[in-house]
Amino acid sequence: MRIRQETLDDALLVEAIEYAAFKNHPLHAPGAEPTEHRIVHALREGGALSVSLLAEADGQALGHIALSPAGVGDAGNWLLLGPVGVLPGHRGRGLGSALVRAAVDRARARGAEGVVLVGDPGFYGRFGFAAVPGLTWPGVPDRYVLALPLAGPAPQGVITPHSAFRTA
């Protein structure tokens, strides 16, 4: 497996991976179309796709992860992790874990204070992400609002993502 930075030629590939990864996903209502591919597109178009990584195996791109700037209360340089998608049929092979580790490494290398996300604490907890009292995302139960401080204390306040996350 190889993790690499997205290139200019990868935009449609990345969107196809995110669409396929979230089509019929339990997070979405039955029959609902996924929006994650549109989020990545809007982040790219808005110049807010800070990190965009692909996981490849045998020369085929099988997964993708994105980081974008996010407001986190009064904290400074924080990144939002997501979306992260792995093609159906290739899950459970460590691709998602490798992407998360690589994204956190890139965030650290960029000097980010930390990374926030909305996700499964059982999965993301193994990378050091945890719920933080006082860290919120409107409409999301606090146990799914997670942070990984990289420099300094854990943040408090409302996470404000890029407007791409309001993409319908």
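The stops below cover confidence, a helix, the nonpolar cores, strand pairing and one alanine.

This is a predicted model, in which local features need pLDDT of at least 70, side-chain atom pairs count only at pLDDT 80 or more, and totals for chains, interfaces and linings use all residues. Residues are numbered from 1 along each chain as its sequence is written, and side-chain values use heavy atoms, with hydrogens and water left out.

**Confidence.** Colour the chain by pLDDT, the predictor's confidence in each residue, from 0 to 100. The chain average is 93, and 96% of the residues score at least 70.

**Helix α3.** Select residues 95-109, which form α3; helices (H or I, at least four residues) and strands (E, at least two) are DSSP runs, numbered from the N terminus. The 15 residues of α3 reach 21 Å from first C-alpha to last, close to the 21 Å expected at 1.5 Å a residue; the expected span is 1.5 Å times one less than the number of residues. Buried residues of α3 include Leu95, Leu99, Val100 and Ala103, where buried means under 20% relative accessible area, exposed over 50%, and partly exposed in between (1.4 Å probe, protein chains only). Glycine 111, with a positive phi near 80°, follows α3.

**Nonpolar cores.** A nonpolar core is a set of buried Ala, Val, Leu, Ile, Met, Phe, Trp, Tyr and Cys residues joined through side-chain atoms within 4.5 Å. The largest has 37 residues, and Leu53, Ile65, Leu67, Leu81, Val100, Tyr124 and Phe129 touch the most other members. The greatest contribution to this core comes from α3, with 7 residues. A second, separate core of 11 residues includes Ala70, Trp78, Trp137 and Val145.

Next, centre on leucine 67. Its contacts (heavy atoms within 4.5 Å) beyond four places in sequence include Leu49, Val51, Leu81, Ala103 and Val115.

**Strand β9.** Show residues 157-160: β9 runs antiparallel to β3 (residues 60-72), joined by 2 bridges. Two strands pair if DSSP finds at least two bridges between them. Glycine 71 stands opposite threonine 160. With β7 (residues 135-136), β9 pairs in the parallel sense over 2 bridges, and threonine 136 stands opposite valine 158.

**Alanine 131.** Finish in strand β6, where alanine 131 lies. Is alanine 131 buried, partly exposed or exposed? At 42% relative accessibility, alanine 131 counts as partly exposed. Its partners beyond four places in sequence are Asp142, Arg143, Val145 and Leu146. Alanine 131 and leucine 146 are 15 residues apart in sequence and 4.5 Å apart in space, C-alpha to C-alpha.
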